[in-house]
Amino acid sequence: MEDYLSGDEDIYSSDQEDSLEGLENEESDSRWASSTGNSCKVITRESLLAAQREELRRVMDLLSLKEHHARTLLIHYRWDLERLFAVLVEKGKACLFAEAGVTVLEEVNFGSSVSSLTAMCNICIEEVAGSDVTKMDCGHCFCNECWTEHFIVKIKEGQSKRIRCMAHKCFAICDEAVIRKLVSKRHPDLAEKFDRFLLESYIEDNKMVKWCPSTPHCGNAIRLETDDLCEVECSCGLQFCFSCLSEAHSPCSCLMWELWTKKCRDESETVNWITVHTKPCPKCHKPVEKNGGCNLVSCICGQAFCWLCGGATGRDHTWSHITGHSCGRYKEDQEKKAERAKRDLYRYMHYHNRYKAHTDSSTQESRLRDTIKEKVAILEAKESIAKDFSWITNGLYRLSRSRRALSFSYPFAYYMFGDDLFKDEMTKEEREIKQHLFEDQQQQLEANIEKLSKAFEEPFDDFKAEEIAEMRMQVINLSVVTDTLCKKMYECIETDLLGALKFSCPNIAPYKSKGIERATELNGGRSTKANNNITCQKAHDQTNGGSIELVQPSGSGTSDDSGCSSRKRRRIDNSGGGFFDLNLPAELIDRN
């Protein structure tokens, strides 16, 4: 059996191997997809109302407000409790309410009818019965017909979440109960639409909650408990970037991935090369490439034209002159432009070919799972063979995760060391040094991934017990080395490359050995971790002199004034100077 580790990569001693032999694996087959965690939650349509009421209740209890006032505050501050509490502390309750359009008057009977027999509506200028006039919490009252028409128009315009009072220069938000009551009498379907908009505002306006971008849509949303700079997996199985809602693309930043997908989709480099190296025929408009030194070019349609200006000409010409045609001399910058376009195309093809090759390899390796299962079933049928083959599942998972990171590292390198994004961030010498450093780590990772992939292609279902034990150690060793190299590549990206930029602030999702986190079902409350991050402080109400017990969630990550998260993350070293065994349960690995 071929030895897959050689040279510096053969790093395990015999006593380490003996310790690995005795380890048991308690992980189930779901380890292939991802491990579960508590930092992101799945919000189904059934749990959406409970999740929204949870936030509403916190504001209602803190500020002693009714539900529609609390909802108005949260919608205005985009369901950001930290920002809402910060405004309350810094500016006071009066300013908090004024900015959000909330008017709380104890003496006003909200949504009540006027007690007098008749009243004048200042909108339609008609005198109507007092029972047909409604007064809002801001004190303005108009007839129900005008209110209803106003509400219907705003709902149809998509402004259901913040419908303002009709009075001139009044920015108060109307009571949702009044809106629902008046609209449902004439258009019950619009009232249902209004309720749906209010409910879905918890997702649409909340930066910590986003819809799953699956197609067809699974109906789920994902809520983060900590930082939004991560990649998550919905319960439907889709893995995506929480920031840009595209497929998981770390170590590429969202901007890099957006530019890369557009370049691959539009084939812009090929179009650029065709534009520089060809000229359209003035007759049939097809691109024509010049394959000789003469500036008189003939299209396949028979039309002759000047290569310099593209104008149609006759065929009579000498080496330096076309009869009856003059367009000036050939410019040297045209030649430089063509050479640059050719160089850019070759560079793009270099990175694209490797990205595509590893993406295709990842697709092929994902199909290995069924084949490996059949081989494992054959081995388990042999009574003389130990029946713990979880190291195979873990090795396949490590291969899939590492191959994915390697494939996306090529689009990252294309933009990191190109002129599109960071041209002025580094000198030419600095760029070459950092590029060589990154490519060395990239090549080491690629070599170990190929060795790990080759190990699984062996017909190990026909191996003897000794050969199975040898392959087990090789797969475990290669998996650990591959994971370590992935960590080092990400540390190089975050610290030496992105962390050293002076003007830009790109961010990437951090590398996780256990893979992209699968969101868990929301069970009616924030996680214990989130609750532990809540700090209490006193905020004095400048209006009435009272005090408020303010519950303020602490920030999940540092950010600067521009809104960019910190580029350099604190990394936790799980290895402790050594390596962990993939046969260990994920919980034990974290604890170690």
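Visitor: Why does Arg186 count as partly exposed?

Guide: Its relative accessibility is 32%. Buried means under 20% and exposed means over 50%, so with 32% Arg186 lands in between and is called partly exposed. Keep in mind that this whole model is predicted.

Visitor: What makes Glu145 and Arg186 a salt bridge?

Guide: Their closest N and O atoms are 2.6 Å apart. The cut-off is within 4 Å, for a side-chain nitrogen of Lys or Arg and a carboxyl oxygen of Asp or Glu, so this pair qualifies. The partners sit in distant parts of the chain: Glu145 is in helix H5 (residues 144–156) and Arg186 is in helix H6, 41 residues apart.

Visitor: Why are H5 and H6 called roughly perpendicular?

Guide: Their axes make an angle of about 90 degrees and are 9 Å apart. The label covers 65 to 115 degrees, and H5 and H6 are therefore roughly perpendicular to each other. By class, their contact has seven nonpolar, two polar and three charged residues.

Visitor: Which residues of H5 and H6 meet?

Guide: From H5, the list includes Trp147, Phe151, Ile152 and Ile155. From H6, there are Ile179, Leu182, Val183 and Arg186. Glu145 is in the H5 part of the list too, and we've already seen that Glu145 forms a salt bridge with Arg186.

Visitor: How do you know that Glu200 and Arg45 form a salt bridge?

Guide: Their closest N and O atoms are 3.9 Å apart. The limit is within 4 Å, so the pair is counted. Glu200 is in helix H7 and Arg45 is in helix H2, 155 residues apart.

Visitor: Are those two buried or partly exposed, and how do you know?

Guide: One of each! Glu200 has a relative accessible area of 15%, and buried means under 20%, so Glu200 is buried. Arg45 has 49% relative accessibility. Exposed means over 50%, so Arg45 counts as partly exposed.

Visitor: What makes Glu176 and Arg71 a salt bridge?

Guide: Here the closest N and O atoms are 2.8 Å apart, and the rule asks for within 4 Å. The pair links helix H6, where Glu176 is, with helix H3, where Arg71 is, 105 residues apart. Glu176 and Arg71 are both buried.

Visitor: How many salt bridges does a search of the whole structure find?

Guide: It finds 24.

Visitor: Why is helix H3 called mostly covered?

Guide: H3 spans residues 67–76, and eight of its ten residues are buried. Among them are His68, His69, Leu73, Leu74 and Ile75. The buried residues of H3 pack against H2, H4, helix H6 (176–186) and helix H7 (188–204). After H3 comes Arg78, with a positive phi near 55 degrees.

Visitor: How do H2 and H4 cross?

Guide: The axes of H2 (residues 45–63) and H4 (residues 81–100) come within 13 Å and cross at roughly 35 degrees. H2 passes H4 in a right-handed crossing. The contact residues divide into eight nonpolar, no polar and three charged.

Visitor: Which residues of H2 and H4 meet?

Guide: In H2 they are Glu55, Arg58, Val59, Leu62 and Leu63. Their partners in H4 are Leu81, Phe85, Leu88, Lys93, Leu96 and Phe97.

Visitor: Why is Lys93 called buried?

Guide: Its relative accessible area is 19%. Lys93 is found in helix H4, and its C-alpha atom is separated by 8.6 Å from that of Leu63, 30 residues away along the chain.

Visitor: How much of the chain do buried residues make up?

Guide: They make up 45% of the 592 residues. The chain has 16 helices and 17 strands.

Technical notes
Residues are numbered from 1 along each chain as its sequence is written. This is a predicted model: local features need pLDDT of at least 70, side-chain atom pairs count only at pLDDT 80 or more; totals for chains, interfaces and linings use all residues. Side-chain values use heavy atoms; hydrogens and water are left out. Axes are lines fitted to C-alpha atoms, for helices over the stretch in contact, and angles run from 0 to 180 degrees between N-to-C directions. Helices (H or I, at least four residues) and strands (E, at least two) are DSSP runs, numbered from the N terminus. A crossing is left-handed if the near helix is turned anticlockwise from the far one by less than a right angle, and right-handed if clockwise. Contact means heavy atoms within 4.5 Å. Ala, Val, Leu, Ile, Met, Phe, Trp, Tyr, Cys and Pro count as nonpolar, Asp, Glu, Lys and Arg as charged, and the others, Gly among them, as polar. Buried means under 20% relative accessible area, exposed over 50%, partly exposed in between (1.4 Å probe, protein chains only). Angles under 35 degrees count as roughly parallel, over 145 as roughly antiparallel, 65 to 115 as roughly perpendicular and the rest as oblique.
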